[in-house]
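Here are some notes on helix packing and aromatic pairs. Please read them beside the structure.

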Amino acid sequence: MVTIKKLEYYGIRGVALEWFRNYLTDRKQYVSYCGTNSGLHDVTCGVPQGSVLGPLLFIIYTNDLPTAITKSKCILFADDTTIFASSNKFDNLHINMKNDMKSLSDWFSANKLSLNVAKTNFIVFKPKRTNVDGIINTMELGNKIIHRVTTTKFLGIHIDDELEWGEHIDYVAKKISSGSYAIRSAKRYLSVANLRSIYFCLVHSHIAYGIMIWGTAFQYRLHRLVILQKKCIRNVSKKPFNEVTSPLYKQLNIPKLSDIFYIQLGKCMYLYNNGYLSPTLRNLFTINAEVHDHNTRQRFDPHVVARTTCAASKTFIHEGPKFWLSLPPSLQSSTSKKSFNYHIKQHIISSY
């Protein structure tokens with residue numbers, strides 16, 4: 001059994017391995033419908049549905065997938081797997097991906113897994129309004145065809161091939177509109193405090209999720225979300241449609257959309273400065289001491305890298321260090337994540 005061999009490879013031996021062997025082998029299953037039961041059949045692969053060990057065993061089972069490819073890299077998140085590669089020339093990129101698709105096909109076959117083509121696609125990221133010569137619309141993984149898309153959903157965020165975030169902003173706008181309708185419908189019956197709770201559940205959660213990524217979109221794209229958020233705030237406060245919103249944001253202790261971006265940015269930089277970020281995210285930033293040898297007071301501050309394009313200058317990798325350096329030292333030196341999260345929000349809202 002492949003699973004047992006992988007568990008043994010990862011160091012599970014002796015009694016523990018035999019326990020897993022006993023758990024996974026000689027299992028039976030049957031179907032019951034309207035009081036009629038089918039015959040018993042052997043479970044030759046998989047684990048019992050809803051079992052606590054199921055997700056863990058799946059992660060262990062697929063953990064060696066990145067070793068099957070040589071030209072690309074993998075992002076594994078539960079059963080959501082993303083493979084990515086980059087190149088200055090599309091021809092080279094195509095050849096590399098084609099070779100890795102062949103290796104992946106062999107891995108799937110060896111591990112008795114199949115690909116859900118309906119949930120699989122590929123996207124080619126390119127500079128805005130740039131035509132890429134030789135671009136293809138399909139790729140093969142074994143005998144299955146994968147189609148190219150211009151927008152895809154990754155961990156709840158809609159990503160387009162030019163990173164303009166239009167599709168995701170449309171998605172967030174629909175969620176805010178739905179939340180706004182719920183708040184408006186309930187405002188005659190609920191208190192402001194209760195409406196505020198509904199706002200955070202149905203509106204704020206969708207705005208804040210991933211905003212460090214998509215919040216870098218151009219202002220003309222974000223403007224409709226700003227308008228929708230103001231509408232929500234007026235409904236939460238039970239004010240007329242033309243009420244000035246800045247005082248309402250302050251009264252409700254709710255940050256504006258643009259400031260939600262900076263609050264999340266500040267939280268990220270606090271985690272970086274205090275060594276809480278994962279190595280992958282931590283390596284996106286650098287400190288001044290790694291760039292020059294000058295013994296200055298700012299040598300341990302995050303380094304602001306000069307960017308040559310507008311798109312790069314708007315990313316959180318560039319904006320994060322800039323925003324962190326603009327914060328008061330008392331805020332930067334917060335003693336805990338909880339304290340920082342509270343005070344940065346108050347620091348921003350107090351300016352309304």
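1. Burial is given by relative accessible area: buried means under 20%, exposed over 50%, and partly exposed in between, with a 1.4 Å probe and protein chains only. The model is predicted, so local features need pLDDT of at least 70 and side-chain atom pairs count only at pLDDT 80 or more, while totals for chains, interfaces and linings use all residues. Residues are numbered from 1 along each chain as its sequence is written, and side-chain values use heavy atoms, with hydrogens and water left out.

2. Trp107 is buried at a relative accessible area of 7%, and Phe108 is buried at 16%. Trp107 and Phe108 form an edge-to-face aromatic pair, with 5.6 Å centre to centre and 85 degrees between the planes. Rings of Phe, Tyr and Trp (its six-membered ring) pair if their centres lie within 6.5 Å; planes under 30 degrees apart count as stacked, over 60 as edge-to-face and the rest as tilted.

3. Phe261 and Tyr262 are also edge-to-face, because their ring centres are 5.0 Å apart and their planes stand at 80 degrees. Phe261 is buried at 7% relative accessibility, whereas Tyr262 is partly exposed at 28%.

4. The count of aromatic pairs comes to 13. Trp19, Phe20 and Tyr23 form one aromatic cluster.

5. The axes (lines fitted to C-alpha atoms over the stretch in contact, with angles from 0 to 180 degrees between N-to-C directions) of helix α6 (residues 192-208) and helix α8 (residues 219-237) come within 9 Å and cross at roughly 165 degrees. Helices are DSSP runs of H or I with at least four residues, numbered from the N terminus.

Conventions
Helix = DSSP H or I, 4+ residues; strand = E, 2+ residues; numbered from the N terminus.
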